[in-house]
Amino acid sequence: MKEKIEKILEEVKTFHADSKEALEQFRIQYLSKKGTITELFTEFKQVAPEMRKEMGMKLNELKNTIQDIIDEQQKQFETKSEGKTDLDLTLPVDAMNGSRHPLSIVRNEINDIFKRLGFVVAEGPEIEDDFHVFSALNFPPDHPARDMQDTFFVTKSPDVVLRTHTSSVQVRVMEQGKLPIRIIAPGRVFRNEAISARAHCIFHQIEGLYIDKNVSFADLKQTLYHFVQEYFGEGTKVRFRPSYFPFTETSAEMDISCNICGGEGCNICKHTGWVEILGCGICDPNILKACNIDPEEYTGFAFGMGIERIAMLKYQINDLRMFFENDLRFLKQFENA
Ligand code: PHE
């Protein structure tokens, strides 16, 4: 038996596995339940008592040597398989291929400017009821915006609609009753309009709402002026034209000096030197009342702009449909934006 053990010992010492599988084969051959070592331990039972100590030690030495060989060679395969791939799976997703859609880029930039002024982002459902889209916002029952031509109805009575503006989010925030309020509501809106270079049945808005004690039209002007300087560059002029919205009184539309020709006059501004970018106004007291806010104590302003319109001006895109076609030749131009 002694010679047998020594012979095996010599054999295993020269063993070198060239694959993980070969190493596993080696382990099975020697250390498994039916392997060589088990067989030797069975034989060991017949060893004469005076030889037992020596044989026992030899046998254990063999077993340990085999185990050491396996452990040692296993390590090599582990390091090899780790080094096999060049992919770093811990890299953040941004490092992978792909880029943001121009509308997302513009939305994020606008959000950031208002966030720095203390506004927080609020969100609400795209499928809304009549109350949040129209009634609470002072739309008379026969207002044309409620008409089938403008609004997509999901069900009639009760009126469930696709929101036509994100002002519905403003109503939801006002309903919560936590004052003061300083929110922006970016999101997708839907209007039943024929698709053309200038209009689409789906587009995106960012609306803002600020309600506190002593909020005035001057605060509205200063906030929007700051936004324009940040987004379109210092020196961009603004002008306010009187307008009408059911939910604001006083209402205005805001133009900026054309960012393409600098106010000289070009095709984009139709040679007027000005382009319209948003609607705004002081919240009508009826709106505050509908949401249980006391108009004697609180006042507020609201504004709303189309993200597509801002993106078209910023990047000189002349067809709104481009944003929805997902043509890679178009999208790739914004990879580094
Ligand atoms: N909700 C208006 C629209 O969709 C925009 C707006 C918002 C106007 C807030 C004034 C005040 O056209």
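Start by selecting the shell of residues around the ligand: by class, this shell has 5 nonpolar, 6 polar and 2 charged residues. Keep in mind throughout that the model is predicted.

**Stop 1: the ligand and its neighbours**

The shell holds 13 residues, and those that come nearest to the ligand are H165, S167, R191, Q205 and E207. Show the side chains of three of them, starting with H165. An N or O atom in the H165 side chain is 3.1 Å from a nitrogen atom of the ligand. Next, select S167, where a polar side-chain atom lies 3.1 Å from a nitrogen atom of the ligand. Then go to E207: here a side-chain N or O atom is 2.7 Å from a ligand nitrogen. How much of the ligand's accessible area does the protein cover? On its own the ligand has 330 Å² of accessible area, and the protein covers 89% of it.

**Stop 2: the pocket and the strands**

Hide the ligand for a moment and look at the space it takes, which is the largest pocket. Now colour three strands: strand 6 (202-212), strand 9 (274-283) and strand 10 (299-306). Each of these strands supplies at least two residues of the shell around the ligand. Which strand gives the largest share of the shell? That is strand 10, with 3 residues.

**Stop 3: the cis peptide bonds**

Select L179 and P180, which are joined by a cis peptide bond with omega at about -5 degrees. P180 belongs to the loop between helix 7 (167-176) and strand 5 (181-190). Select E249 and T250 next. A cis peptide bond joins this pair too, and its omega is about 5 degrees. T250 is not in a loop but in strand 8, which covers residues 248-257.

**Stop 4: a positive phi**

From strand 8, follow the chain into the loop between strand 8 and strand 9, where K270 is found. What is the phi of K270 near? It is near 50 degrees, a positive value in a residue other than glycine.

**Stop 5: the whole chain**

Zoom out until the whole protein chain is in view. Colour residues 2-80 as domain 1 and residues 102-334 as domain 2, the two domains into which the chain is divided.

Methods:
Residues are numbered from 1 along each chain as its sequence is written. This is a predicted model: local features need pLDDT of at least 70, side-chain atom pairs count only at pLDDT 80 or more; totals for chains, interfaces and linings use all residues. Side-chain values use heavy atoms; hydrogens and water are left out. A residue is near a molecule or strand if one of its heavy atoms lies within 4 Å of it. A polar contact is a pair of N or O atoms within 3.5 Å; within protein, one must be able to donate a hydrogen and the other to accept it, and residues adjacent in sequence count only if both atoms are side-chain atoms. Accessible areas come from the Shrake-Rupley method with a 1.4 Å probe; for residues, only the protein chains shown count as cover. On a 1 Å grid over the protein atoms alone, a cavity is a set of points where a 1.4 Å probe fits but cannot get out, and a pocket is an open set with protein on both sides within 12 Å along at least five of seven lines; lining residues have an atom within 4 Å of a point. A molecule sits in a cavity or pocket if more than half of its atoms lie within 2 Å of its grid points. Helices (H or I, at least four residues) and strands (E, at least two) are DSSP runs, numbered from the N terminus. Ala, Val, Leu, Ile, Met, Phe, Trp, Tyr, Cys and Pro count as nonpolar, Asp, Glu, Lys and Arg as charged, and the others, Gly among them, as polar. Domain bounds come from an automatic or database domain assignment.
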